[in-house]
Structures are given as C-alpha cells and as structure tokens.
Amino acid sequence: MLLMRDGFARKEAERQFDEHVSLVTEVFAGRADLASVHGDKLVRTLVAAARSQLYEGVLPQRLREILDGGGPVDPHWVLGEVFPALPLLEKPLLGKLGHHAFTREVGEFLHYYESSGTTGNPIAAPKAVDDLVVNTVNIGEMWGRIVRPGDMAMILINAPFAPAAYQFEKVLEYLGVNSLRPWVDNITGDYSRVLRLVEELAVNVFVGPPSRLLELIQFARRQGAPIPRFETLLLMAEQTGPSFVRHLERLTGARAFVAAYGSSETGTTAVSCEAGSLHLQVQSYLLELHDDSGTRLVDGRPDRGELVVTTLDLAARPLLRYRTGDLVEVDSGSCGCGLALPVLRTQGRSQDVLSLSDRGIRQNDVEAMMWSPDAPKPVVLNYMLILHAGDVLCLTTTDEPPGRGWSEDMAARLAELFPGRRLVVRAVEQLPPLASLGQYLGWKLSRVLDLDEERNWDRLPGPIEVIVRQTLGQLASS
C-alpha cells in the first residue's frame with residue numbers, strides 16, 4: 001500500500017484497494033454483473049463530472065436537477081438514456097481545456113503529469129491517490145501472471161512529464177519485483193550505463209517502447225558489445241504488430257508481450273495476459289467503438305472502429321465518451337488464459353494508416369515483408385515511412401552496414417504494397433528519437449510521417465532532414 005503519513009488517507013486508500021481487488025477478482029472470473037457495475041459507477045462518474053467546468057452545459061438538465069436536489073439517480077436510466085445522448089469528447093478540445101476536467105484543486109492530486117503530446121497538445125494527466133490505486137491493481141493483477149518476485153526489471157522510458165514510467169514502477173513494486181529506471185540522454189544517445197546495468201544486475205525483464213529497445217540493441221552493435229538478452233519484454237506505447245513482436249523476440253531471445261494499452265489521460269484500458277492477449281479492463285471503463293455508421297458499446301461481439309473511452313474510476317478527472325483516435329478490433333475474449341475479459345487488438349492511430357486510393361496499408365503489412373526470414377540481409381532493426389507528393393521514403397536502421405544493392409533489393413520487396421507509388425529505402429545511422437514528432441523527446445516513435453503537412457518538416461532533426469530532402473529531391477528530378 002502507498003506510504004502516506006496521514007492515517008485517514010492511508011486507511012481510505014486501503015479500503016479502496018480491498019474493494020477494487022475484490023471487484024477485479026469477480027470480473028476476471030466472469031462472476032460480476034457488469035451492467036450493474038457500469039451503471040453504478042457511471043452515476044458516480046456523472047456526479048463527479050457535474051463539478052467540473054468541462055461538462056458545464058453538457059450534462060442534461062434533468063440529471064442536474066436530480067443531482068442538485070440530492071435525489072437518487074436511476075443507473076438504468078443513466079446507462080440507457082443519458083449516456084448515449086452525451087456528445088463525444090474530441091482530443092483537441094481536451095488538449096485545450098484539460099484542466100477544466102478536474103473536479104479537485106491541483107494541490108489535491110498526488111503527482112502532476114501531462115500526456116506526451118504525440119497527437120496534439122499535451123493533456124493534463126495528474127495522478128490522484130484513488131486512480132493510482134485502481135490502475136496499479138488493474139495492471140498488477142494481469143502482469144502478475146507474467147512476472148514474479150525474483151525477476152529484475154528495467155523500465156526504459158524517457159518521459160519525465162508523462163506518468164507511464166512511474167505507474168509501471170508502482171506496478172512492479174506491487175508485485176514485489178525489483179526494478180530500475182535508467183535515463184538515456186537524447187543528444188549523446190549513449191547507452192553504456194544501461195548495458196552495464198543489464199549485465200551487472202542480470203536484468204531479465206525489459207519494460208518500455210520497442211524503439212527504445214531497438215536503439216539499445218543498435219548501440220550495442222556499434223560498440224562491438226553483445227546484444228542484451230532478456231527473458232520477458234513488456235512493450236507499450238507504439239503500434240507493435242505480430243511481425244514486430246517476432247522480430248524483437250528473435251533479437252533478444254525473450255518472450256515479448258504487448259503488455260499495456262492506454263494513454264496518460266485515460267489510464268491503462270487494456271493489459272496483456274500470459275497468453276499474449278490484450279484484455280480490456282471493463283471493471284474501470286465503459287468502452288465504445290465509433291465509425292461512419294455510428295457509436296456503439298463494446299458488448300463482446302466481434303467489432304472494430306475507433307475506441308471511445310469513458311473512465312469510471314477517475315473521479316478527480318473524469319472523461320466522458322473520449323475519442324482516443326486509436327483504431328482497434330475487439331472480440332468476446334475466448335483466450336487460453338481463461339479470463340472473462342474482451343480481447344483488444346490495436347490497429348494503430350488513425351493517422352498512422354497509409355491511405356492509398358481505395359486501400360489501406362497498415363504497419364504490420366510492411367513489417368511482415370521487412371522481417372520475414374527470406375528478407376535481404378542485413379536485418380532491419382527499425383524503420384520510418386515518410387510520405388511526400390505521392391512518393392514513399394522508408395528510412396531504416398540495420399544491424400550491420402548494408403552493402404551495395406541492399407536498398408534496391410529491399411525497395412523491390414516492399415514495392416508491391418505501394419502500387420502506383422515510387423518507393424525508396426535508405427539506411428540511416430539513427431531514426432529521430434521523437435515522441436511521434438510531438439512535444440517530448442524520446443518516449444515513443446510514430447512510424448508514419450506525412451510531409452505533405454508543411455509543419456512536419458520543422459520537426460525533423462538536422463541530419464535526418466538532409467537525407468530526406470536529398471532523397472525526395474532525387475525522386476522529384478527523376
């Protein structure tokens with residue numbers, strides 16, 4: 001339990017902890033009445049939302065009159081009529097008015113964080129004691145099926161202002177797993193201390209984004225050091241499809257899991273089980289899917305669309321029908337782990353889908369070709385796709401310097417995915433260590449960059465910009 005001096009706060013946190021662990025046990029086993037859980041929690045969430053500026057004029061007048069009068073609120077009415085009529089909350093609006101979602105003064109939170117700004121302005125995402133307890137239990141009860149006391153975990157997340165590294169540290173603490181959080185300077189890119197710690201402390205669990213792990217591997221290769229080996233990879237923050245997972249497993253000898261899915265502002269909405277499936281944490285969220293046909297609740301049937309999240313355990317900062325911008329697939333959750341939770345499969349952010357005429361190319365399509373056993377050597381470690389004026393430039397890092405003809409061979413291999421487009425592959429020393437070209441360096445990498453948006457040119461670091469301009473200039477002149 002959290003170490004807090006105030007006795008009342010400590011007892012209240014312990015009460016919430018016991019209550020939530022009991023709920024998680026029932027939900028995971030399929031014994032809970034989820035409709036009742038969602039209805040009761042949604043009422044409490046709306047009561048909290050009524051105290052925030054963000055939802056002024058949003059909640060229906062009848063609900064406000066009931067709340068002002070102190071009368072009971074019917075959960076069935078709220079879930080069946082009030083909730084579907086609420087407007088969807090757009091990410092740009094939350095980025096602009098993030099502090100207006102607070103129902104408490106800033107000083108009442110435990111820690112102040114903001115989102116990494118990967119898809120727009122950073123969003124205020126402070127941690128209160130109650131939501132920290134809930135999120136830690138949600139993740140911990142899943143990760144406890146994968147890691148155990150005696151493991152040594154390294155959290156390699158360069159994000160001082162985002163809550164992820166701290167949250168995962170608390171999860172490992174909850175599980176009794178020793179952990180360390182080294183830092184890598186983004187200017188020097190020197191992983192010497194990290195490599196030393198991995199060896200000296202016998203680190204067997206990696207926690208962090210795939211791109212940071214790949215940078216560590218490439219640094220080791222450049223220094224003539226062995227590639228670090230792990231037993232378990234707990235990956236998050238970047239779109240990591242099946243081909244990418246197998247690629248990382250081959251490089252490190254580990255079992256890789258896409259271990260958590262969520263955001264700084266929502267908390268962790270899905271967590272991996274030991275079978276490798278991401279399971280939605282339905283005890284803490286009311287989830288919907290949105291597309292051109294409308295918005296509907298996730299009900300266990302196979303479906304796909306943009307995930308819309310309503311938080312049910314963030315009383316200090318509730319989000320109602322928040323559009324995440326993430327494309328997902330869900331199904332009933334028939335997973336070998338036996339948990340009675342829906343399964344989530346991520347498809348990447350909407351802006352990370354390459355729309356080519358009437359077809360869409362997803363990252364896993366590219367990765368399946370790039371990382372198949374018969375792909376030309378050397379092996380691609382990491383990559384970024386850059387779009388400009390109908391051309392496609394694929395920047396790559398490799399495990400060895402490529403020889404003559406390698407770029408042409410790899411381009412020929414990938415060309416069938418991009419009919420009618422000119423494709424060029426270029427190997428570079430290092431990909432931009434940017435937070436999806438957002439506001440914070442070094443947290444996660446978006447592998448799709450559209451340079452037809454003029455503002456994106458300013459976000460390319462100097463050495464990469466020179467390569468990009470030269471290559472695209474050659475394509476234009478040809």
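Residues are numbered from 1 along each chain as its sequence is written, and side-chain values use heavy atoms, with hydrogens and water left out. Because the model is predicted, local features need pLDDT of at least 70 and side-chain atom pairs count only at pLDDT 80 or more, while totals for chains, interfaces and linings use all residues.

Select residues 7-28 to begin, which form helix α1 (helices are DSSP runs of H or I with at least four residues, strands are runs of E with at least two, both numbered from the N terminus). Helix α1 has 22 residues and reaches 31 Å from its first C-alpha to its last, close to the 32 Å expected at 1.5 Å a residue (1.5 Å times one less than the number of residues).

Next, colour A13, Q16, H20, L23, V24, V27 and F28, which are buried in α1 (under 20% relative accessible area, with exposed meaning over 50% and partly exposed in between, for a 1.4 Å probe and protein chains only). They cover an arc of only 115 degrees around the axis, which puts them on the same side of α1 (the arc is taken from the directions from the helix axis to the C-beta atoms). On the face turned away from that buried side, look for the exposed residues F8 and K11.

Just after α1, select G30, which takes a positive phi of about 80 degrees.

Finally, move to β17 (residues 391-398), helix α12 (residues 406-414) and β18 (residues 422-427), which make a right-handed β-α-β unit (with the strands pointing away from the viewer, the path from the first strand over the helix to the second runs clockwise).

Technical notes
Pairing = 2+ DSSP bridges.
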